[in-house]
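Here's a quick briefing to read alongside the coordinates. Have the viewer open and follow the topics in order.

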Amino acid sequence: MRKFGMIAILFLLLFMTACSSGASSSDEYPSKNLEIVAPASPGGGWDLTARSVENVLSGQSLVEENINVVNKPGGGGEVGWKYLESKDSHSLAINSSLVLTNNLLGQSEMTYEGFTPIATLATEWQSLAVPPDSEYESSKELLEAIKEDPASIKIGVGPGLGNDDHLSLVQAASEFGIDPSQLNFLVYEGGGDVVTALLGGHVDAVTTSLSEVKDQYLADKLNILAVSSDKPVEGIEDVPTWTDQGIDLVFPHWRGIMGPPDMTEEEIAYWDEKLSEMVETEEWQEVLENNDWEGFYKNSEETKAFMDEQHNLYKTLIEDSGLIK
Amino acid sequence: MDGSSFMEGLFISLEPMNILWIIIGGFLGTIVGMLPGLGPATAVAVLIPVTFGMEPVSAIILMAAIYYGAMYGGSRSSILINTPGDGSAIAATFDGYPMAKKGQAGEALAISAVASFIGGLIAVVGFIFLAEPLANFALEFGPAEYFLLMLLTLSAIVALSIGKMVKGFLAMMLGLTLSTVGIDTQTGVYRFTMDIPHLSEGIDFLIVIIGVYAIGEVLYNLLTIDQEKKEKKKVGKVWFTKEQWKRSKWPILRSGPIGFLIGVLPGAGGSIASMISYTTEKQISKKPEEFGEGAPEGLAAPESANNAASVGAMIPLLTMGIPGSGTTAVMLGALIMLGLRPGPLLFEQQPETAWALVNSMFIGNIALIIINILLVGLLVKILDTPAKVLYPIIVLLAFIGTYTLSYSTIDFFLLLIFGFFGLFLKVMDFPLAPLVLALIVGGEMEQNFRKALLSSDGSLDIFFSSGVSIVLFALTVASLLYPLIFKFFKRRNQAKKTDRISKSS
């Protein structure tokens with residue numbers, strides 16, 4: 001029985017050290033341990049991004065101070081970002097387009113402007129996939145069929161409407177002259193479930209991130225009709241982009257990092273320097289390759305402009321999608 | 001199956017370092033499985049930073065060992081303190097705890113370890129020969145089939161509540177109601193979240209399990225402590241009797257394949273597998289009235305099933321890159337970080353890695369049965385621990401476990417609410433399992449029902465459109481009508497007997 005007690009105490013100590021944070025301040029930044037907030041549970045995409053950043057920054061001695069990854073899951077990032085709001089400039093958080101869409105969808109009071117943009121780090125691309133024996137061999141054929149009778153084509157998406165998987169197809173449909181609110185979406189729990197549904201023939205097409213379907217495509221288990229990148233993707237050069245097929249659409253599914261409100265110029269400059277060095281390292285290149293991500297680095301200033309532009313795009317897409325009235 | 005890579009995989013898994021990882025993983029899994037709230041998903045996630053420096057193949061072997069190790073551990077606390085460590089260990093409370101109360105704790109621990117072992121072995125053999133066809137079989141499951149599978153699981157509530165049917169159904173309704181909290185996936189509408197962002201992802205069933213079982217049990221015992229104090233608990237032997245083995249043998253062999261098949265289905269998992277195997281055994285048993293009173297087969301069956309399910313869950317992960325459970329989802333993320341991509345290309349490009357994992361599960365199950373049998377003698381001492389020491393520790397573990405679910409103190413309030421709620425249910429003599437079971441499957445069941453109807457344009461025909469769905473429907477009906485049929489035959493038999501008696505006289 002004593003063993004149980006020991007384990008319990010050990011765990012408790014572990015949590016206490018993980019939660020504690022010193023509060024000293026001096027002119028030099030950073031003046032204490034740094035913290036990267038993953039607004040998700042361990043093992044998810046945001047968590048792995050946070051841990052990769054931490055791993056490369058510490059492993060390459062780019063940053064001397066200790067970096068802790070803190071998980072604050074809940075509310076599609078809401079819980080973690082609320083937490084970030086209350087912290088000082090030694091905390092940063094991973095973000096993605098949800099930081100824009102949560103507010104646009106009316107699910108959050110917070111806006112992206114309430115935070116300090118630090119960097120855009122990497123991107124994935126979106127894909128539109130069909131079963132191998134599908135009668136649709138190009139995205140045009142599929143979109144034509146949808147135009148004819150939107151209800152007849154079941155499209156799998158996950159884990160919720162309003163995400164990039166959903167909105168990238170909304171944009172493609174609008175470009176093609178289809179009213180996106182008429183699209184017949186079946187919402188699954190996650191990217192994996194969407195692919196299972198497609199392989200089992202329970203939906204006619206899926207819109208999901210490329211990494212979910214790339215291996216299945218290489219194994220001839222499904223066919224990818226279009227990717228949302230600006231140029232063909234390495235390894236699957238034969239898959240056409242949307243632009244190749246005459247549809248004006250480049251849709252990144254980006255991940256970035258941001259800080260609490262009102263960081264000083266020196267603090268921002270510190271991260272511009274460190275992160276621009278980080279994305280050049282071989283270790284970071286390996287992270288990108290393992291995850292099927294593509295380098296998408298933008299410094300703080302570029303990220304600010306990028307976010308403004310993305311905000312306007314998402315606003316239009318969400319209005320078009322019929323999700324808000 | 002490709003013989004040379006199978007052998008190569010076997011040699012990789014037999015490397016001393018990998019055997020060490022198997023043992024460490026199995027032991028860790030047993031421990032976290034035992035502790036309420038700390039599950040394999042948390043353990044694997046906490047280990048992610050550790051795996052950064054490891055060979056990918058060692059990492060996957062370690063993580064898998066934690067996963068099925070937790071299936072062994074989960075039932076330990078179910079049996080000893082009536083507190084399941086995870087959803088898949090709920091069924092172990094039905095007969096495991098009564099056995100411990102009857103003074104057969106040692107026997108119960110031993111038989112559940114052996115059941116897990118045999119279930120695990122059956123599943124590994126199944127994996128070796130059937131991985132590919134089963135992966136394709138799993139694809140047949142569309143929304144309609146998943147809905148019917150979950151309906152079949154809920155029909156278990158009938159079997160569980162014989163004698164207190166109304167209370168069982170009330171508890172189930174409550175569970176289903178709780179499962180509607182959170183964002184509705186089909187429409188994005190927030191349901192019953194009361195503007196608390198924390199609730200937007202729903203109420204984690206693990207909090208409810210910890211609350212109603214662990215906290216509820218402690219509170220209940222505080223109320224009744226004076227009556228029980230005097231009686232010295234017997235722990236029994238540390239091995240089971242021949243009679244117990246004879247009763248458990250066939251249920252174990254039947255439940256292994258059932259659990260394995262259900263485990264292969266993404267999203268179904270150990271909770272459903274153990275529940276379905278429990279009710280199956282209860283319904284085909286000649287002595288169903290002994291179930292719930294400490295029947296060894298009522299413990300052995302779900303234990304065999306849930307361990308087999310954890311092996312089955314590796315099939316969609318390895319052959320399709322699709323995680324079938326919370327733990328395999330975390331594993332997938334970690335493996336991608338290491339540059340190992342489970343999926344349709346894994347068996348083509350790195351067959352030795354895949355087969356190393358399969359072989360490691362063989363070794364792992366052997367290691368685990370040894371670990372768990374050795375632990376029996378130690379664990380039964382928990383029953384001798386005075387309440388004033390044991391209960392504070394259970395409460396402490398419950399809070400820690402809850403905290404690790406989402407690193408938030410808001411969950412503590414939920415935990416306490418469900419703790420008092422569990423106490424209330426116990427005092428009123430409501431069964432707890434229907435509540436938790438309904439909460440576990442409720443959300444998915446609703447979403448699948450709606451997805452099925454969306455894809456069929458509202459026609460109910462979709463629920464009878466495939467062979468799988470018709471079979472599932474028939475099983476559900478049989479399961480629901482079973483108590484009536486049982487009564488009918490009993491009455492007829494009695495009538496015949498009295499008939500014969502009256503004739504002969």
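**Quick tour of the model**

Keep in mind that this is a predicted model. In chain A, strand E5, helix H6 and strand E6 form a right-handed β-α-β unit, which makes a handy place to start.

**Around strand E5 of chain A**

- E5(A) covers residues 154-157 and pairs with E6(A), residues 184-187, in the parallel sense, with four bridges between them.
- One bridge to look up there is A:Val157, whose partner in E6(A) is A:Val187.
- E5(A) also runs parallel to strand E7(A), residues 205-209, this time through two bridges.
- On that side, A:Ile155 sits opposite A:Ala205 of E7(A).

**Helix H6 of chain A and A:Gln171**

- H6(A) spans residues 164-175, and A:Gln171 is part of that helix.
- A:Gln171 counts as buried because 25 other C-beta atoms lie within 10 Å.
- Leaving out residues up to four places away in sequence, A:Gln171 touches A:Leu249, A:Phe251 and A:Leu317.
- A:Tyr314 is 143 residues away from A:Gln171 along the chain, yet their C-alpha atoms are separated by 9.5 Å.

**Domains of chain A**

- Chain A splits into domain 1 (34-123 + 253-321) and domain 2 (125-245).
- Their C-alpha centres are 27 Å apart.
- Where the two meet, 11 residues of domain 1 are in contact with 14 residues of domain 2.
- On the domain 1 side, helix H11 of chain A (residues 300-321) gives the most, with five residues.
- That domain 1 side is made up of four nonpolar, five polar and two charged residues.

**Chain B overall**

- Chain B has 20 helices and two strands.
- Its radius of gyration is 23 Å, which agrees with a compact globule, because a globule of 505 residues would come out near 23 Å.
- The C-alpha trace of chain B spans about 75 × 60 × 60 Å along its principal axes.
- Buried residues make up 60% of chain B's 505 residues.
- Of the chain B contacts with a separation of 6 or more, 80% are between residues 24 or more positions apart.

**Where chains A and B meet**

- Chain B puts 49 residues into the contact, and chain A puts in 46 residues.
- On the chain B side, helices H3 (40-51), H14 (326-337), H17 (387-406) and H19 (433-455) each supply at least two residues.
- By class, that chain B side has 29 nonpolar, 15 polar and five charged residues.

**Backbone spots worth a click**

- Most peptide bonds are trans, and most residues other than glycine have a negative phi.
- A:Tyr29 and A:Pro30 are joined by a cis peptide bond, with omega about -5 degrees; A:Pro30 lies in the loop between helix H1 and strand E1 of chain A.
- Another cis peptide bond links A:Gly158 to A:Pro159, with omega about 0 degrees, and A:Pro159 is in the loop between E5 and H6 of chain A.
- A:Asp220 has a positive phi, near 60 degrees, in the loop between helix H8 and strand E8 of chain A.
- A:Asp220 counts as exposed, because it has 9 C-beta neighbours inside 10 Å.
- In chain B, phi of B:Asp457 is positive too, near 60 degrees, in the loop between H19 and H20.
- B:Asp457 has 10 C-beta neighbours inside 10 Å, so this residue counts as exposed.

Methods
Residues are numbered from 1 along each chain as its sequence is written. Chains are lettered from A and ligands numbered from 1 in the order in which they are written. This is a predicted model: local features need pLDDT of at least 70, side-chain atom pairs count only at pLDDT 80 or more; totals for chains, interfaces and linings use all residues. Two strands pair if DSSP finds at least two bridges between them. A crossover is right-handed if, with the strands pointing away from the viewer, the path from the first strand over the helix to the second runs clockwise. Two residues are in contact if their C-beta atoms, placed from the backbone, lie within 7 Å. Ala, Val, Leu, Ile, Met, Phe, Trp, Tyr, Cys and Pro count as nonpolar, Asp, Glu, Lys and Arg as charged, and the others, Gly among them, as polar. Domain bounds come from an automatic or database domain assignment. The radius of gyration is taken over C-alpha atoms; the globule rule is 2.2 Å times the number of residues to the power 0.38. A residue is buried if 20 or more other C-beta atoms lie within 10 Å of its own, exposed if 12 or fewer, and partly exposed in between; C-beta atoms are placed from the backbone.
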